[in-house]
Amino acid sequence: MKRSFRAVARHGARAVAFGQQRAVYFGELWRRSLQVRVVVSTLALSSAVVFVLGMVLQNQITDRLLETKEKAAIAATRDAVVVAQRQLSGINSAVDDVRPRLTQALNKLTSSTPNTDTASSSAGSFEPVLASTPPIAADDAAMISAGPYGDVPDSLRHFVENRRLAVQIHTVDRPSGRTTFLIVGAPFGSAQEPMQLYMLYPLTAEQSTIGVVQSTLLVGGLVLLLLLAGIANLVTRQVVRPVRSAAQAAERFAGGELDERMVVVGEDDVARLAQSYNEMAESIERQIRQLEEFGSLQRRFTSDVSHELRTPLTTVRMAADVLHASREQFPPGLSRSTELLVDELDRFESLLGDLLEISRLDAGVEELVAEYVDVRPIAVRAAQAVATIARNAGTEIILDLPDEEAAAEVDSRRIERILRNLLANAVDHGDGHPVRLRMAVDDKALAVTVRDYGVGLRTGEAGLVFNRFWRADPSRNRHTGGTGLGLAISLEDARLHGGGLDAWGEPVKGACFRLTLPRHQSVKYTDSPLPLPPLDADMPSSDIEPREGDAVRVTVATASEPETAEPALGPPAPVWEEAR
C-alpha cells in the first residue's frame, strides 16, 4: 500500500513538474513570438464568435422545430376533439358506464387518422388520453380516464380542467426509458359532462434533429477554427517574417557586421521598411567609420604629444632639480617658486603618465599580466602609498581584511593602482573623517569597497565620477593633486580584468566605491560579495572611529629595512586594520 502511494505521489510530482515546465515554455514563447500571440488571440476571439453564433443558430433551429411541432400538434388535437365529441355524444355519467365509452373513443382515435390535412399529419405519432370528471366529484379519486393519464403533469391538468387549451413539454420515466413529450390538452363536452383530451406527441425525431444540428455545428465550428488558425498563421507569417529578418539584421549590425543589409523585394510597406533600414545602416556605418578614424587620430595625437613632451619634460626636470637642490641659497620668494615648480612638474609628469596609460587602454594594446596572488598585501601597499596625503588631511584609513587568504588571478600593479586611486579620492573628499577599506571573497568573485563619510555625491553623479576630468565640485581644494584621470583609468583596469567598478553616494552621508573582480579569469561571476549601497549607508562617521583596544597599526617595510620599519617617505598617517 505504501509503495503504491509513493508511486502515485512520484508520478503526480512528475506530472506537476512537467506542467510547470510547459507553462514556463509557453509563457516564454508567448512573450517572444508575435506570431504565436496573433494566432492564439485570433483563435480565442474566433472561438468566442463561433460559440455565440452556434448557440444562436441552435436556439433558432430548436425554436422553429418546436414551433412547427406545436402548431401541428394543436391542429391535430382539435381534429381529435371533433372525433372524440362524436364518439362520446349523449353520454350520461349518471346512467351510462363511462369507462367503456372512453376506451371505445380512445380506440377510435388511435385506429384512424383524424384528418388528412397536411398540418395535422405533420404532428407525427401520438398517444391519446381521455378523462371525464363527473360534476358531483370533488377530488381526483372520482376521475375516470382511458390511456396513460398518469403521464399528464398536474399543472397541465389544472389549465384543461378550467376549460382552457394548454401545451406543455414534459419528460416521462417509463420502463423503456425517459421520453420527452409535447402534451396538448383540450377540454370538450358540456358543463354537466366535462371531458378532457390529452394528446402526447413524442419529441424523439426533433431531439434527433437537434442532435444532428449540434454535431454539425460543433464539427463546422472546429473546422472553421482550424481554417481561421491557418489563415491567421499564414497572414501573420507574411508580416512577421520581414520583421524577424530586420531584427536579425539589426542584431548582426549591432554585433559589428556593419555591412549587413536587408533584401528589398517589391514596393510594398515591407520593402519600404527594408529600404529605410538599409539607408539608416549606411548612415550609421559612415558615422561609425568617421568616429573610429577620429578616435584613432585623437588617440595617436595624444600618444604622440605625450611622447614628444617626455624629452623637454626631462630637461626641465633636471633643471628644476638643480634649482631645488640649491633653493636654500635663494631669497625666500625665489626658493618658494622653486618648490612650486617642482610640485607642478611632478603633477605634469603624473598627467603625462596617465595620458599615455589611457591612450594605450583606448587603443586596446594593453595586456593583462595576471597571476594568482593574495590581494590583502596589495590593499596594504595601496593604503601606505596614500599615507602622506592622509596624514596631511587628518584622515585615518581603516583596513577591514579577511582573516584567510583572499587570492585571485589579478595584475598586482593595476589592482594596486585602482585601490590607490580610490583611497586618494576618498581622502580628498572625506573632510577628515575616517576612510574604510573592506574586502570580501566568495567562490567566484573578490570585492573591495572604499567608503568615505565626506560630502558624498548628488543624485545622478554616481554615473559621472568615472568620466575623464570630471569633478563634482571644481571649487573644492584638492589634497592629492590628481590629474582627473585616475577613476577613468581605474574603471578601464577593472574592465580589463573582467570585473566592474561601481559608485554610490548621497549628500552628507559620504560615498562608496566597489571593485568586483573574478577570482579566476576563466570563470565569470554573477553577484558581488559586498553590497552596494553599503550596509552602513546611514551610519554616522563617529561610529567607525578606531579605538586603541580593538585596532592595530599597520606599516610597510622597504626592501632594505626590517618589516617593522616605517616607509622611506616619512611617518605615515594612521592606517588601521581591524582585529578579528
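**Exercise 1.** In this predicted model, find the buried residues of helix 5 (residues 154-161), then work out how they are arranged around the axis and what they pack against.

*Solution.* 
Step 1. The partners are strand 3 (166-174), strand 4 (177-189) and strand 5 (194-202).
Step 2. Finally, check what comes after the helix: R163 follows helix 5 and has a positive phi, near 60 degrees.

**Exercise 2.** Decide whether S490 is buried, partly exposed or exposed, and list the residues it touches, leaving out those up to four places away in sequence.

*Solution.* 
Step 1. Locate the residue: S490 belongs to helix 12 (residues 486-496).
Step 2. Compare its relative accessible area of 1% with the cut-off for buried, under 20%. S490 is therefore buried.
Step 3. With the sequence neighbours set aside, the contacts of S490 are R417, I418, N421 and L501.

**Exercise 3.** Which residues make the nonpolar surface patch of about 840 Å², and how does V223 classify by accessibility?

*Solution.* 
Step 1. Collect the members of the patch: L218, V219, L222, V223, L227, I231, L234, V235 and V239.
Step 2. Pick out V223, which lies in helix 6 (residues 204-254).
Step 3. The relative accessibility of V223 is 42%, so this residue counts as partly exposed.

Definitions and conventions:
Residues are numbered from 1 along each chain as its sequence is written. This is a predicted model: local features need pLDDT of at least 70, side-chain atom pairs count only at pLDDT 80 or more; totals for chains, interfaces and linings use all residues. Side-chain values use heavy atoms; hydrogens and water are left out. Patches are made of residues with over 30% relative accessible area and no salt bridge: like charges are joined within 9 Å, nonpolar side chains (Val, Leu, Ile, Met, Phe, Trp, Tyr) within 5 Å. Accessible areas come from the Shrake-Rupley method with a 1.4 Å probe; for residues, only the protein chains shown count as cover. A salt bridge is a side-chain nitrogen of Lys or Arg within 4 Å of a carboxyl oxygen of Asp or Glu. Helices (H or I, at least four residues) and strands (E, at least two) are DSSP runs, numbered from the N terminus. Buried means under 20% relative accessible area, exposed over 50%, partly exposed in between (1.4 Å probe, protein chains only). The arc is that of the directions from the helix axis to the C-beta atoms. Contact means heavy atoms within 4.5 Å.
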